[in-house]
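Let us walk through a protein together and look at how its side chains meet. Keep the picture at hand and find each residue as we come to it.

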Amino acid sequence: MLILIYNEDTNKIEKYNRNLSEPMPYVNNSYLTVKEFKGSSKSTILWSSKKTMLAFKTTRQRFGSGIYIGYAFKRIFEGGHSGQSQHYAGTSFDCGQRWTYTKRKELYNLARKINVWSYVEPISQTPSWVHFDKRNTKPACSSGYPIVKYQSINTYVLILQDALNNLGYVLTIDGIFGNNTRNAVKQFQSKYKLSVDGIVGCNTWKKITSIVNGMGKSKYTKYY
C-alpha cells in the first residue's frame, strides 16, 4: 500500500509503503494497522495527516485497550458518507460499532476530555458509534472543506485531485496544488459556470463533491 501523510509541521506530503498488517505511520505497535484504516475501501493508496495519526495514538494510549474501527478512510467516488466528509480526507474515525453503549460512552468521554481532536460528534447524533476527526477548522462553507488554491498542500488537495481525476482531468494525486491542478479546476469551473479563478471555495467544493461523491468507478478511475 502507498500511504500519503500530510505533515503539518513541515508542510510536506510524506510517502510510505506498508503492507496491511503493519501500523500506520506515526502510530506505534498495533494501535492502528493499515488494514484497519483502509477498511472496506478498494484503494491501494491511502492518505491522512500526521496530526490525525498522533491524535489516534494518544487516544489509544489513554483508552488502554483496542479500539474497534468501523469506518475510517474512503475515497470520495466510493461514497458512503456525506458530500464533504472528513473520511475522504483520511482524518476521521467512526468507532465502537460492536461495543456496548457503556463502552462507547467511555471512549466518547475520553475523546472529549483529552482535547486532541478538532471535532467529537455529540453522542446523541451517533447512536451506535463514536465519531471524532482532525478536520481543518476553517471551512469554505458553513461546514465542510477549507479553501484550497495554488500552492496549497494538504489532504483536501488530495480529495480534489482524486475527484477531478474521476471526472477525466488527468492529474497526479500528490496533495500539492500546482499549475496542473489549478488549470483543471479552471476547466471544471468554466464547464459548470462557476467563477473561473482556480480557487476551490464553497461553490466549487459544493459542485464537485455533489457530482463525484458516491459516483463509483469511472473509466478514468485510478486505484493505484
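A disulfide is a pair of cysteine sulfur atoms within 2.5 Å. Keep that cut-off in mind, and remember as you look around that this is a predicted model. How many disulfides does the structure hold? There is one. Cys-141 and Cys-202 form it, with their sulfur atoms 2.0 Å apart, and that value lies within the 2.5 Å limit. Cys-141 sits in the loop between strand 7 and helix 4, while Cys-202 belongs to helix 6 (residues 202–212), so the bond ties together parts that are 61 residues apart in sequence. The torsion about the S-S bond of Cys-141 and Cys-202 is about 110°, so this disulfide is right-handed. Cys-141 counts as buried, at 14% relative accessibility, whereas Cys-202 is partly exposed, with a relative accessible area of 22%.

Next come the charged side chains. Side chains of opposite charge can pair when their charged atoms come close. A search of the whole structure finds three salt bridges. In one of them, Lys-50 pairs with Asp-9, and their closest N and O atoms are 2.9 Å apart. Lys-50 lies in helix 2 (residues 50–63) and Asp-9 in the loop between strand 1 (2–7) and strand 2 (12–17), so this bridge ties together parts that are 41 residues apart in sequence. Lys-50 counts as buried at 16% relative accessibility, but Asp-9 counts as exposed at 56%.

Arg-75 and Asp-162 also form a salt bridge, with 2.7 Å between the closest N and O atoms. This pair links distant parts of the chain: Arg-75 is in the loop between strand 4 (69–71) and strand 5, Asp-162 is in helix 4, and they are 87 residues apart. Are these two residues buried or exposed? Both Arg-75 and Asp-162 are buried.

Now find Arg-135, which forms a salt bridge with Asp-133, the closest N and O atoms being 2.8 Å apart. Asp-133 counts as buried at 0% relative accessibility, and Arg-135 as partly exposed at 25%. Arg-135 also lies over the face of Tyr-119, at 4.3 Å from the ring centre. Elsewhere, Lys-103 lies over the face of Trp-99, at 4.5 Å from the ring centre.

That brings us to the rings themselves. A pair of aromatic rings is described by the distance of the centres and the angle of the planes. The structure has 11 aromatic pairs. One of them joins Phe-93 and Trp-117: the pair is edge-to-face, with 5.9 Å centre to centre and 70° between the planes. Phe-93 lies in strand 5 (residues 92–95) and Trp-117 in the loop between helix 3 (101–114) and strand 6 (119–120), so the pair ties together parts that are 24 residues apart in sequence. Phe-93 is buried, with a relative accessible area of 0%, and Trp-117 is buried too, at 6%.

Another pair, Tyr-145 with Tyr-156, is tilted, with 5.4 Å centre to centre and 50° between the planes. Tyr-145 is in the loop between strand 7 (130–133) and helix 4 (155–166), and Tyr-156 is in helix 4, 11 residues apart. Both tyrosines, Tyr-145 and Tyr-156, are buried.

Finally, which residues do ring pairs link into a cluster? They are Phe-37, Trp-47, Phe-56, Phe-73, Phe-93, Trp-117 and Phe-132.

Methods: Residues numbered from 1 in each chain as written. Predicted model: local features only at pLDDT ≥ 70, side-chain atom pairs only at ≥ 80, totals over all residues. Heavy atoms only, no water. Phe/Tyr/Trp six-rings, centres within 6.5 Å; stacked < 30°, edge-to-face > 60°. Helix = DSSP H or I, 4+ residues; strand = E, 2+ residues; numbered from the N terminus. Buried < 20%, exposed > 50% of the residue type's maximum accessible area, 1.4 Å probe, protein only. Lys NZ or Arg CZ within 6 Å of the ring centre and 35° of its normal. Salt bridge = Lys/Arg side-chain N within 4 Å of Asp/Glu carboxyl O.
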